[in-house]
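Here's a quick tour for anyone meeting this structure for the first time. Have a look at it below, then read on.

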Amino acid sequence: MDPMLNMAVRAARAAGDLIMRYLDRVDTLHITAKSRNDFVSEVDKQAEQEIVNILHKAYPQHGFLGEEGGRQGFGKSEYTWVIDPLDGTTNFLHGFPAFCVSIALLHRDRIECGVIYDPLRQELFTAKRGGGAMLDNRRLRVTKQLVFEGALLGTGFPFKEQSNNDAYFGMFRDLMKDAAGVRRAGSAALDLAYVACGRLDGFWEIGLMPWDIAAGILLIQEAGGIVTDFEEGDKLFETGNILGANPKLHALMYETIAPHVTDSLRFNG
Ligand code: IPD
Ligand code: CA
Ligand code: CA
């Protein structure tokens with residue numbers, strides 16, 4: 001395995017172990033709300049610190065962009081680790097079994113490798129640019145689902161920022177119409193890993209952050225899928241809007257959501 005990917009795996013497993021040690025005593029945790037419906041616990045913070053410690057020791061010059069610690073630079077390196085130490089915090093705090101650790105490495109703006117680790121199922125999703133996507137030792141491919149009939153889609157509800165609700169629920173109504181089902185499991189990173197491995201045929205969500213999606217984007221791309229913003233562009237980190245699926249289903253999903261895409265969902269940089 002690529003040495004940097006290997007180090008990311010080590011960090012993700014360490015964070016996953018820490019998360020699991022707290023799972024039975026969630027009621028003793030100190031929890032604060034960063035903003036409306038956006039909770040953080042000491043587990044999120046400790047898990048991120050664990051990841052940063054491991055990666056910083058291995059790569060002292062690399063920078064970090066973590067959900068809890070923000071941006072930290074240590075040298076002139078063009079590498080940045082993008083970290084969500086616990087994606088699905090609300091699930092974790094309720095004992096609802098869908099959460100993961102997500103780590104990606106950016107070289108300038110390009111995602112070079114990504115790891116998503118589900119500590120409950122001990123499933124490790126990895127991707128290396130140009131090297132494919134894997135679930136443990138198995139090579140991943142997105143599904144060959146070509147139509148909405150029979151398709152299982154994933155999404156996330158805009159429960160924090162609700163100003164785009166009309167647009168979102170318009171998309172939801174039209175995508176749900178012919179699909180076999182729509183799932184909202186509560187961990188965007190895990191949802192993206194599930195598109196890469198074919199458990200979901202497609203996924204869309206509004207207003208995500210780079211740490212929610214960086215590793216998942218590469219996983220889907222390396223599994224043969226397409227990931228774009230809501231204008232079929234690559235401004236995913238800038239807009240936070242994401243649409244991922246196999247190429248044919250992506251085109252169909254894009255056609256369906258396009259009439260609902262308002263100016264506030266477009267890239268205006
Ligand atoms: C959240 C989860 C959720 C998504 C939210 C994210 P967090 O991440 O990925 O599925 O709908 O928008 O913020 O806060 O649990 O790391
Ligand atoms: Ca997250
Ligand atoms: Ca998080």
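**Strands and a calcium site**

F64 has Q72 as its bridge partner, and Q72 sits in β4. This is a predicted model, where local features need pLDDT of at least 70, side-chain atom pairs count only at pLDDT 80 or more, and totals for chains, interfaces and linings use all residues. Residues are numbered from 1 along each chain as its sequence is written, chains are lettered from A and ligands numbered from 1 in written order, and side-chain values use heavy atoms, leaving out hydrogens and water.

**How the strands pair up**

- β3 and β4 run antiparallel and share three bridges; strands here are DSSP runs of E with at least two residues, helices are runs of H or I with at least four, and both are numbered from the N terminus.
- Two strands count as paired if DSSP finds at least two bridges between them.
- A hairpin of three residues takes you from β3 to β4.
- β3 also runs parallel to β5, with four bridges joining them, and G66 has I83 of β5 as its bridge partner.
- Both faces of β3 are covered, with G63 and L65 buried on one side and F64 and G66 buried on the other; buried means under 20% relative accessible area, exposed over 50%, and partly exposed in between, using a 1.4 Å probe on protein chains only.

**Around the calcium ion (ligand 3)**

- Its protein donors are E67 (OE), D84 (OD) and L86 (O), at 2.2 to 2.4 Å; donors are N, O and S atoms within 2.8 Å of the metal (3.2 Å for Na, K and Ca), and water is not among the atoms, so sites may look incomplete.
- E67 comes from the loop between β3 (63–66) and β4 (70–72), while D84 is in strand β5 (residues 79–87), 17 residues apart.
- D84 also bridges to the calcium ion (ligand 2), and the two ions lie 3.7 Å apart.
- E67 and D84 are both buried.

**What the record marks**

- An unreviewed UniProt entry annotates E67, D84, L86, D87 and D212 as "binding site"; such annotations may be inferred rather than shown by experiment, feature names are shortened, and positions follow the numbering used here.
- These residues span 146 residues in sequence, yet no two of their C-alpha atoms are more than 9.6 Å apart, so they gather at one spot.

**A look at D212**

- D212 is in helix α6 (residues 210–222) and is buried, with a relative accessible area of 10%.
- Setting aside residues up to four places away in sequence, D212 touches D84, D87, A188, A189 and L192, where contact means heavy atoms within 4.5 Å.
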